[in-house]
Amino acid sequence: MRSNNPNTNERLGRFVETAVGGERVKAFVPPPLPPVPPIAITGLLTRLSAAERALGRLDGVSVLLPNKELFLYMYVRKEAVLSSQIEGTQSTLSDLLRFETEAIGGEPVDDIREVSNYVDAMMFGLERLEQLPLSLRLIREMHQRLLDSGRGGTKSPGEFRTSQNWIGGTRPGNAMFVPPPPNEVMSCLGEWERFLHLDTPDIPPLIKAGLIHVQFETIHPFLDGNGRLGRLLITLFLCATGVLRQPLLYLSLYFKSRRADYYRLLQEVREFGTWEAWLEFFLDGIAETAEQAFETANQIARLFEGDRERIIREAERTGSVLQIHETMRTSPYLTASTAMKRSGLTMPTVNAALDQLRRLGIVEEATGRRRGRVFVYRAYMEILSDGASG
């Protein structure tokens, strides 16, 4: 029960002593949301309105793009790469796309598999929102897919943890942060889910998204995959509440490029209850990320239109060349056999079209081989890969 004493800083959690691996450590249990005293929203209004304006422009991006599903398809993959890079994987967007278009043979390495699982978990979660509210059940189902195979397969996919974890350091005793002990996890999650579904007219959705993200990261309810799911929750929440019609906002590049500030601000919320400083950073991130995504959509639309006009003006057998160009919008890495399957054209026609696209400078051959050639839509990849190259 919360105190009615106005002098008590109820934003601060409590520490619980627990034994892990032969040593006693203090695990942190956060207070339930919303914070008390309440968030001082007045000081955040300028940032909040800038973030809302940028999101509004981004949400209208479908007017710009002839195919918003295509932009979403690629943008989701870029986010998967960036979010996984934060966790230490070495995969690039090129690696993932080449794997998906069968340009890399054999079993995927663990890094690529993890990124591919992230795409799968993300798309699954977005589809499930149509039948199921954003909830602990949905998060567990997504986690199952996120850790389906590869290195995460032994970390209890789809199950909340029943053992102690920690963040930073080689063991709990020298960790930067020790989340709640296992016996407190479900009560913390129950409070988190209650706040998620609570009608909070005095808390704007973007502020609420920032609160639930930090609380999830602080509870750290899984043995692995907490960071990736926690970042994904931001977009899922904004879609579930109708702030976004399309899941086009992903903050991983912003968090990756400001990693030290991100972790410092999370820790300061836990230690000092400084929610407003975190929310300033978070709202700035939404505004910046939404502006970048809007500009990326513009660049892609201009590139596709310019290349299409050039094909119509300069190519022979314009119809088949345009068809392969269309295919490369969803597969910037493409083999002739994949192009044949996806376009329905014959192999000689596909090869002729790819050669014409290469002569026009729209695509490049990436392997230097005569057999099993891989073609890449280089200018498109450069726009997509900005910030996601490693």
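## Helix 8

The expected span of a helix is 1.5 Å times one less than its number of residues. Helices here are DSSP runs of H or I with at least four residues, numbered from the N terminus. The model is predicted: local features need pLDDT of at least 70, side-chain atom pairs count only at pLDDT 80 or more, and totals for chains, interfaces and linings use all residues. Residues are numbered from 1 along each chain as its sequence is written, and side-chain values use heavy atoms, without hydrogens and water.

Helix 8 covers residues 226-240, 15 residues in total, and its first and last C-alpha lie 20 Å apart, close to the expected 21 Å. A kink of about 25 degrees is centred on Leu-233; the bend is the angle between axes fitted to the seven residues ending at a residue and the seven starting there. Buried means under 20% relative accessible area with a 1.4 Å probe, protein chains only. Gly-242, which follows helix 8, has a positive phi near 85 degrees.

## His-213

His-213 sits in helix 7 (residues 205-219) and is buried, at 0% relative accessible area. Its contacts (heavy atoms within 4.5 Å) include Gly-230, Arg-231 and Ile-234, as well as Trp-278.

## Nonpolar cores

A nonpolar core is a set of buried Ala, Val, Leu, Ile, Met, Phe, Trp, Tyr and Cys residues joined through side-chain atoms within 4.5 Å. The largest has 77 residues, and Trp-278 is among those with the most contacts inside it. Helix 11 (residues 275-314) gives the largest share, eleven residues. A second, separate core has 29 residues, including Leu-303 and Val-363.

Methods. Buried < 20%, exposed > 50% of the residue type's maximum accessible area, 1.4 Å probe, protein only. Helix = DSSP H or I, 4+ residues; strand = E, 2+ residues; numbered from the N terminus. Lists of a residue's contacts leave out its neighbours within four places in sequence.
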